[in-house]
Amino acid sequence: MRRMIIAGNWKMNTDLASGTALASGLAELVSGKELSVDVLVCPPFPYLQAVRQAVGESGISVGGQNCYFEPSGAFTGEVSVGMLQDIGCDSVLLGHSERRHILKECNGLINKKTKAAIAGGLRAVLCVGELLEEREAGNTEAVLDEQMAGGLEDVSAEQMTQVVIAYEPVWAIGTGKTASPEQAEQAHAHLRNWLASRYTQELADSVRILYGGSVKPGNAMELLGQPNVDGALVGGASLSVENFGPIIEAGLEISKA
Ligand code: PEP
């Protein structure tokens, strides 16, 4: 049984006061509950440390939204894996569509970051997903295969214990258009088959594959209820306790069943 992950990607949102208030609110929400799912929040870099303090010992973990692959040096504006760990992060998002498409990150760079994150002991959340035109042209699976092969090049089966995949169709991110539960399940099953053919069925069955793209309290139950959906990566709805709380609750509910 794969343990679910409910992750929040705050992107370039919040400020120090609202970010720490959100983190404290989430810590309060989960306090006293048996956390049968992993809860992760990924705030902007400047607020990581304050958010880490605000979540305290609640069981909520904190991650970066990106990292660089070199450990230190003349890389202006970049943040290393070691720096993230130093301030208490256990995870990092990599290959998010906004980094692929706005910041032009390629599979090769994402692969270097993925390997650096793994080598440094972080959980790498590798995001993959197709554009609308790629879906409409019938190329969804080919795009996913290319992003998986590129992102996971030279990543061994043993290292895969530190990798989580997030399927995020680009046309569903921040648009209010959610993939239907059937579309999500189909893509997740494809990704799991890809993992089985690249590694083994046993490994494929153990890797968690999250869905991301306009997940909200109203659609979380149905999406999370799909057999190959092992959690959610949530953008907009992770920015308030009122919206992220019910998504965490949906994960807890499903993990009990
Ligand atoms: C995301 O940023 O990863 C995301 C899925 O955003 P949203 O939930 O806002 O679509």
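A: One definition first: two strands pair if DSSP finds at least two bridges between them. Note also that this is a predicted model.

Q: Fine. Which residue stands opposite Gly 212?
A: Leu 233 in E8 does. Strand E7, residues 209–212, and strand E8, residues 231–234, run parallel and are joined by 2 bridges.

Q: What packs on the sheet on that side, say with E7?
A: Helix H8, residues 181–198, touches E7 along with strand E5 (123–128) and strand E6 (163–167). The direction of H8 makes about 150° with that of E7.

Q: And which helix touches E8?
A: Helix H11, residues 241–256. H11 also touches strand E1 (5–9) and strand E2 (38–42), and its direction makes about 160° with that of E1.

Q: Zoom out. How many strands close into the barrel, and in what order?
A: There are 8, in the order E1-E2-E3-E4-E5-E6-E7-E8, with parallel pairing. On average, neighbouring strands are turned by 25° against each other, direction ignored.

Q: Switching to cysteines. How many disulfides turn up?
A: The search of the whole structure finds 0. For Cys 106, the nearest cysteine sulfur belongs to Cys 67, 14 Å away.

Q: Is Cys 106 buried or partly exposed?
A: Partly exposed, at 45% relative accessibility.

Q: What about Cys 127?
A: Cys 127 is in no disulfide either; the sulfur of Cys 42 is the nearest, at 9.0 Å. Cys 127 is buried, with a relative accessible area of 2%.

Q: Now charges. How many salt bridges are there?
A: The whole structure has 13. One of them pairs Lys 33 with Glu 249, at 3.5 Å from N to O.

Q: Which residue does Asp 230 meet in a salt bridge?
A: Arg 192, at 2.7 Å from N to O. Asp 230 sits in the loop between helix H10 (217–224) and E8, and Arg 192 in helix H8, 38 residues apart. Both Asp 230 and Arg 192 are buried.

Technical notes. Residues numbered from 1 in each chain as written. Predicted model: local features only at pLDDT ≥ 70, side-chain atom pairs only at ≥ 80, totals over all residues. Heavy atoms only, no water. Helix = DSSP H or I, 4+ residues; strand = E, 2+ residues; numbered from the N terminus. Axes fitted to C-alpha atoms, helices over the stretch in contact; angles between N-to-C directions. Contact = heavy atoms within 4.5 Å. Disulfide = S-S within 2.5 Å. Buried < 20%, exposed > 50% of the residue type's maximum accessible area, 1.4 Å probe, protein only. Salt bridge = Lys/Arg side-chain N within 4 Å of Asp/Glu carboxyl O.
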